[in-house]
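Let's take a quick tour of the salt bridges in this protein. Have a look at the structure first.

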Amino acid sequence: MGRSILSHFLTISHSSYPLFPPSLCGGSPMNYMKKTDFFRSPRRPSGLRGTGFRCFCSVSVTEPLVPETPPSSVKKRIVSGVQPTGSIHLGNYLGAIKNWISLQNAYDTLFFIVDLHAITLPYETQQLSKATKDTAAIYLACGVDTSKASVFVQSHVRAHVELMWLLSSATPIGWLNKMIQFKEKSRKAGDENVAVALLTYPVLMASDILLYQSDFVPVGEDQKQHLELTRELAKRVNYLYGGRKWKKLGGRGGAIFKVPEALIPPAGARVMSLTDGLSKMSKSAPSDQSRINLLDSKDEIANKIKRCKTDAFTGLEFDNPERPECNNLLSIYQLMSGKTKEEVAQECQNMNWGTFKVLLTDSLIDHLHPIQVRYKEITSESAYLDRVLAEGATKAADIADATLNNVYQAMGFSRR
């Protein structure tokens, strides 16, 4: 979801019953653990030796999940969001926002600005509010249609934080300690500069998803582990508090949360840096030269493409592991031009870099210009943007509050 899921389950002492019942695991609990090898109990049988983390999302970048819209009038639901930190760049657009436009036509969609996630690392307090509205304006400028999708700010729906706290009580610390992004970012920042929020960030992400009973979540490769945490946490809470236990407390019984599936686009899920074809295009990269920002001027785009890293090979080609920059730039051109991979491969196979860079620059400018024009129109009408966000938050809160009330009830809280 913007920057853009763990160890073993909490051991229940003096208990001999399994953590997951057969109905939730597709067989015995031991078979479930053997399949995923995700949760490691210190006293598990020797036959359950682990091989480390495995993400069992049912999709890949090259083979996307393309769920069919059900025949009934009830649409499947998708949620996604981007952080309002730094400038929204081509990677954010091609990896997430651009794909939302087609998804909103077939699904019940909620797209929000994940401002609560933006404070897990040091940030500029004076810029957060403006960046949040700017990000919302970019959503709309890129084609998100408020008649089809709810657009809102994460912090404007308080249920996100409330559910996070409830989920935290069911999240083993070992799950969070294994998160790759936490390890990488905490190593760079140093222990004294790492806030607890960076560790618990995946629980907030789980709250974002589970609040809305999401069926699918568009994710890039770097978010698959976080989504896996969300899936396992949903199953865990369903077992601990759902079913007959919930019904005895006056609830409807059954599952409290849907277990969401990953939705990964076939191309553009991982746009790489212009200065290093092996590194992902990132807001946090120190050099602005490494990325194309959606609001870059024509001259800035031309300069960045002119100076971007290439190689000394003859001709241009996809999928050569020795030419990561070539593959990345061709992929960007493919997505900007709307052509197929085969068409681009044939068009560019005998080109030199000078000719191709002009072609790529023109396609970027042509594609981004309408977005930039629309963005200026939207940001000049602050009342319109405020109204869109307020209406989106109201619609989102109606769904979120229903889920939150169910969780409170299932966990045994006395409600007013």
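This is a predicted model: local features need pLDDT of at least 70, side-chain atom pairs count only at pLDDT 80 or more; totals for chains, interfaces and linings use all residues.

Residues are numbered from 1 along each chain as its sequence is written, and side-chain values use heavy atoms, with hydrogens and water left out.

**The count**
- A salt bridge here is a side-chain nitrogen of Lys or Arg within 4 Å of a carboxyl oxygen of Asp or Glu, and by that rule there are 17 of them.

**Arg 231 and Glu 261**
- These two pair up with their closest N and O atoms 3.5 Å apart.
- Arg 231 lies in helix H9 (residues 224-241) and Glu 261 in strand E5 (residues 261-263), so the bridge ties together parts 30 residues apart in sequence.
- Helices (H or I, at least four residues) and strands (E, at least two) are DSSP runs, numbered from the N terminus.
- Arg 231 is buried at 7% relative accessible area, while Glu 261 is partly exposed at 28%.
- Buried means under 20% relative accessible area, exposed means over 50%, and partly exposed is in between (1.4 Å probe, protein chains only).

**Lys 304 and Asp 288**
- Their side chains meet in a salt bridge at 2.8 Å, N to O.
- Lys 304 sits in helix H11 (residues 298-307) and Asp 288 in the loop between E5 and H11, so parts 16 residues apart in sequence get tied together.
- Lys 304 is buried at 5%, but Asp 288 is partly exposed at 35%.

**Arg 323 and Asp 311**
- This salt bridge spans 3.0 Å, N to O, and both residues are buried.
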